[in-house]
Amino acid sequence: MKPSDIDYNALVPELICRDFARSRAFYVDLLGFACLYDRPEDGFAYLQRGRAQIMIEEIDEKGSWFTAEMEPPFGRGINLQIEVDDLDVLVGNLRGAGIAFFREPIDRWYRVDEHETGQRQFLVQDPDGYLLRFCQHLGERPTQ
């Protein structure tokens with residue numbers, strides 16, 4: 001695939017990781033992201049799952065952009081919501097790999113003006129501690 005063939009999102013988080021191979025395997029093998037392209041020699045990959053895109057990059061003390069000392073867990077204060085069509089498949093993959101959930105799967109309804117929108121969701125941390133919230137849309141209903 002050529003870079004010009006990719007429909008790049010306007011916002012794509014780039015997650016710094018300690019072990020590129022481990023993080024790439026977590027996102028691709030367990031979470032079902034496709035690798036659109038990578039540069040293993042640089043510890044970099046551009047990943048996509050559905051409409052969600054992220055980049056992962058291994059720590060490079062001379063080239064990475066740090067605003068402070070990197071200490072695990074990375075990504076404190078942020079969670080990345082990723083909408084999927086097959087939440088139960090992910091739950092099975094993670095349970096099968098012995099990965100602990102930060103928050104177990106649950107159905108949640110959130111008020112949006114005069115309606116509520118529902119999603120089944122769970123939270124899991126990646127190998128570096130980034131908090132990922134996977135969700136599957138349940139529909140809408142009048143405010144309860």
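## The β3–β4 hairpin

With two residues between them, β3 and β4 make a hairpin, and Gly50 in its turn has a positive phi of about 65 degrees. Strands here are DSSP E runs of at least two residues, helices are H or I runs of at least four, and both are numbered from the N terminus. This is a predicted model, where local features need pLDDT of at least 70, side-chain atom pairs count only at pLDDT 80 or more, and totals for chains, interfaces and linings use all residues. Residues are numbered from 1 along each chain as its sequence is written, and side-chain values use heavy atoms, leaving out hydrogens and water.

The pairing of β3 with β4 (residues 52–58) is antiparallel, over six bridges; strands count as paired when DSSP finds at least two bridges between them. Ala45 has Ile56 as its bridge partner in β4.

Phe44 in β3 is the bridge partner of Arg39. Four residues separate the strands in this hairpin, where Gly43 takes a positive phi near 65 degrees.

Because five of the six residues of β3 (residues 44–49) are buried, the strand is largely enclosed by the rest of the structure. Buried is under 20% relative accessible area, exposed over 50%, and partly exposed in between (1.4 Å probe, protein chains only).

## Nonpolar cores

The largest nonpolar core has 28 residues, of which Tyr27, Leu31, Phe122, Leu132 and Phe134 touch the most other members. Such a core is a set of buried Ala, Val, Leu, Ile, Met, Phe, Trp, Tyr and Cys residues joined through side-chain atoms within 4.5 Å. Another core, of six residues, lies apart from it and includes Val12, Phe44, Tyr46 and Met55.
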